[in-house]
Amino acid sequence: MSDNVHASLQSSVVQISQSSNSSSKTEKVSSEFEVFISYRDSPDQGLAVALKELIEGAIEPQPHVFVAGAGGLRPSNIGYKPQIQAAAQSSRAFIAIITQQSKEREWLFFEAGAAWGRNQLYAPLLVGTSPSELASTMADY
């Protein structure tokens with residue numbers, strides 16, 4: 001993993017950890033997923049899984065991290081969209097892995113909007129791209 005990607009991952013983990021620590025210790029988290037990782041299935045799933053493992057190993061208490069292709073989606077008669085919606089609704093932080101392949105992916109904007117509308121932490125992780133290459137709504141982050 002390149003030094004830039006590693007530094008970005010560490011920064012995202014610090015932001016999530018600080019956000020988690022700023023909440024009341026008596027607050028009960030009733031959600032199954034506290035962190036939602038948004039990414040393009042191919043070719044970014046390996047990076048999403050590595051980020052999931054990094055977050056789960058670096059934050060105490062260990063948060064639940066939703067990665068659709070790594071056990072987040074389960075066979076179901078309701079389909080995948082309601083499962084993604086439920087995970088987004090129960091998340092307290094969102095990380096978007098934004099690569100050249102995913103930067104114009106409609107789900108990226110959709111999931112960012114879910115975080116924005118709920119006033120949740122949104123941390124874009126840029127890999128091989130820069131803010132100037134993104135739509136203004138995403139570049140503002």
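Me: Let me start with a cut-off: a residue is buried if its relative accessible area is under 20% and exposed if it is over 50%. With this predicted model open, is Ser-90 buried or exposed?

Reply: Ser-90 has a relative accessibility of 18%, so it counts as buried. You will find Ser-90 in the loop that joins helix 4 to strand 3.

Me: And which atom does the side chain of Ser-90 reach?

Reply: It reaches the backbone oxygen of Ala-86, at 3.1 Å.

Me: Let's step back into helix 4, then. Which of its residues are buried?

Reply: In helix 4, residues 80-89, the buried ones are Gln-83, Ile-84, Ala-87 and Ala-88. Looking down the helix axis, you would see these buried residues fall within an arc of 135 degrees, so they line one face of the helix.

Me: Now for the aromatic rings. How many aromatic pairs are there?

Reply: Pairing rings whose centres lie within 6.5 Å, the count is three. One of them is Phe-36 with Phe-94, a tilted pair with 5.4 Å between centres and 35 degrees between planes. This pair ties together distant parts of the chain: Phe-36 belongs to strand 1 (residues 35-38) and Phe-94 to strand 3, 58 residues apart.

Me: Which residues do ring pairs link into a cluster?

Reply: Phe-36, Phe-66 and Phe-94 form that cluster.

Me: Last topic, confidence. What is the mean pLDDT of the protein, and where among its elements is the mean lowest?

Reply: The protein's mean pLDDT is 80, and 77% of its residues reach 70 or more. Among the elements, helix 1 (residues 3-22) has the lowest mean, 54, while strand 3 (residues 93-98) has the highest, 94. Over residues 20-31 the pLDDT stays under 50, and there the model has seven contacts beyond four places in sequence. Where pLDDT is low, predicted coordinates should not be read in detail.

Technical notes: Residues are numbered from 1 along each chain as its sequence is written. Side-chain values use heavy atoms; hydrogens and water are left out. pLDDT is the predictor's confidence in each residue, from 0 to 100. Helices (H or I, at least four residues) and strands (E, at least two) are DSSP runs, numbered from the N terminus. Contact means heavy atoms within 4.5 Å. Buried means under 20% relative accessible area, exposed over 50%, partly exposed in between (1.4 Å probe, protein chains only). The arc is that of the directions from the helix axis to the C-beta atoms. A polar contact is a pair of N or O atoms within 3.5 Å; within protein, one must be able to donate a hydrogen and the other to accept it, and residues adjacent in sequence count only if both atoms are side-chain atoms. Rings of Phe, Tyr and Trp (its six-membered ring) pair if their centres lie within 6.5 Å; planes under 30 degrees apart count as stacked, over 60 as edge-to-face and the rest as tilted.
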